[in-house]
Amino acid sequence: MIDTFLDIIEKKAALSKANCEKLRAACLKDRSRLLESAVETRLVLENEVLEALSRIYAIPFAAMLSVDNVKDGFTTILSRQFLKKSLMVPLVKEGTNPIIAVNDPSDLSCADDIAAMLGIDDYGIVLAPRNQILSAVNALYDRSGESAQQLVETMEDNGFTLIDEFERTMDLLDDTSDAPVIRLVNHMISQAVKAGASDIHVEPFQEILKIRYRIDGILYEMFNPPKGLQASLISRIKVMARMNIAEKRMPQDGRAQVRIGDQEIDIRISTVPTSHGERLVMRLLNKSGYFLEFSQFGLSADNYQVINKIIRQNNGIVLVTGPTGSGKTTTLYAALSEINSPDKNIITIEDPVEYNLQGIGQIQVNTKTGITFAKGLRSIVRQDPDIVLIGEIRDLETAEIAIQSALTGHLVFSTLHTNDSAGAVTRLADLGVEPYLIASSVNSVIAQRLVRVLCNACKEKYQLDETHIKVLNGGGEKYIGKHVYKPVGCSKCFNTGYFGRQAIFEIMLMTDAIKSLVLKTSDANQIKAATLKSGMATLRQDGMTKVVKGITSIDEVLRVTQE
């Protein structure tokens with residue numbers, strides 16, 4: 001059988017003679033683990049191995065598993081850990097023959113046990129990839145209602161005590177640990193990723209412990225574990241991040257990486273001591289998730305044309321401004337992916353490197369080894385770059401090197417923390433940059449915010465009148481009588497009325513008139529007044545175009561803009 005398997009694999013994967021020998025040696029070394037042995041060589045893909053085994057065992061192969069209309073009643077009979085350990089999942093649908101998805105066809109005894117426990121006499125078998133089975137198991141158990149609060153109750157019922165020894169979890173879907181605190185932390189993280197949360201807050205108070213998720217920029221309280229679980233819960237997370245669990249009086253920072261199915265999640269963890277215990281925040285970065293292209297930003301036709309032109313200039317500085325979490329990095333990554341080509345040398349220096357960009361050199365700031373924005377930027381300039389991305393201009397030294405780079409033929413992208421586009425000039429002047437350098441190097445400033453998108457399943461239509469327009473403080477009369485939408489809330493959008501986010505922009509082009517004004521003053525109000533006369537649309541005006549299109553609501557635009 002093993003020779004037939006190797007013959008099929010070698011033809012299907014088109015391996016070289018040397019790689020064929022490596023694969024053959026690995027498979028012959030441990031015949032009982034044929035699937036694992038072949039995949040571990042990294043010479044063939046798991047799907048290729050499963051397709052070969054499908055032919056040998058005459059068992060159908062399913063590259064994807066759907067749990068739509070699949071009954072989840074078995075979750076009260078079979079444990080999640082048992083199915084994950086055996087890498088099997090029963091797929092029982094109304095009116096069809098029950099199917100059990102398995103990963104390894106060499107031992108099907110567990111499938112018979114599953115069928116017996118579920119009272120199934122006749123069933124079919126399909127081969128499926130490991131991640132598909134684990135994802136299906138998690139989806140079915142999550143759907144059946146096992147919540148974080150239920151996990152906490154189970155821990156209390158079982159007389160839970162502090163567990164001193166933990167192992168670092170790498171793959172949450174593959175973790176079959178029965179330790180209740182590990183299950184609770186894994187559940188918190190996987191549910192946060194599923195809900196699209198960017199942060200998890202663990203907040204201790206005098207008598208309660210709060211768990212909150214930040215979803216689409218807004219914090220939502222999810223559940224309240226008993227105060228007695230506080231120390232063990234935080235200890236587990238600190239162990240995952242390889243932080244000092246004995247140190248509770250000093251702030252600490254750490255990071256961990258986990259996998260949830262085929263998603264790579266990078267977690268930045270920060271703790272600070274409070275009067276009621278350590279407060280902990282986890283920032284979740286989905287490194288395997290795609291980042292948006294400009295065509296997916298919901299840009300107006302005018303803004304799309306302007307930004308497309310800005311990012312294709314040969315030199316100068318393009319600044320993106322906004323508060324933390326306003327999507328500045330996503331915008332810069334989209335810009336780089338748009339202009340990336342084999343004839344350009346693009347180098348970035350970031351803190352942290354949030355996503356890996358194909359064909360672009362990315363440098364991580366590391367203060368321990370002396371790589372700051374300024375020092376890293378000095379080295380980048382000697383790497384013959386065409387385009388440079390600086391994660392953030394924080395000090396005069398970084399600003400000066402960025403300006404020198406822009407003045408010597410490089411296109412520089414960077415971010416600043418300011419309220420609007422005109423404030424960028426004031427911020428640079430505050431750092432100590434000379435006005436003539438600002439005027440001669442900065443090409444444009446893009447201010448942006450993220451507004452929540454109305455849920456299509458429940459948004460409600462209404463007509464704007466003078467009462468609604470008054471809150472815009474003038475300039476909104478043209479919208480009176482138009483039909484727009486407001487949030488309602490349903491199960492699909494967590495009863496918030498919103499689902500997802502889009503960016504709104506304010507683009508300040510450094511025209512000759514604006515440059516002349518910058519040489520005379522760095523007053524943001526004067527600069528903004530001049531840009532408005534030249535026809536610049538403010539953040540609020542761009543937001544109102546999205547309101548009229550039914551994308552977001554007036555309240556949401558007012559929440560994220562200041563005028």
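Okay, let's start with Asn 69, which sits in the loop between α4 (46–57) and α5 (80–86). Helices here are DSSP runs of H or I with at least four residues, strands are E runs of at least two, and both are numbered from the N terminus. Before I go on: this is a predicted model, where local features need pLDDT of at least 70 and side-chain atom pairs count only at pLDDT 80 or more, while totals for chains, interfaces and linings use all residues. Residues are numbered from 1 along each chain as its sequence is written, and side-chain values use heavy atoms, with hydrogens and water left out.

Back to Asn 69: its phi is near 65 degrees, a positive value in a residue other than glycine. Most non-glycine residues have a negative phi. Asn 69 counts as exposed, at 69% relative accessibility. For the cut-offs, buried is under 20% relative accessible area, exposed is over 50%, and partly exposed is in between, with a 1.4 Å probe and protein chains only.

Next, Asp 216, in the loop between β5 (209–215) and β6 (218–223). Its phi is positive too, near 55 degrees, but Asp 216 is buried, at 16%.

Now the helices. Glu 556 is in α21 (residues 554–560). So is Glu 556 buried or exposed? Buried, because its relative accessible area is 1%. Beyond neighbours within four places in sequence, Glu 556 contacts Leu 450, Val 451, Arg 452 and Tyr 498; contact means heavy atoms within 4.5 Å.

Last one: Ala 429, in α15 (residues 423–431), is partly exposed at 27%.
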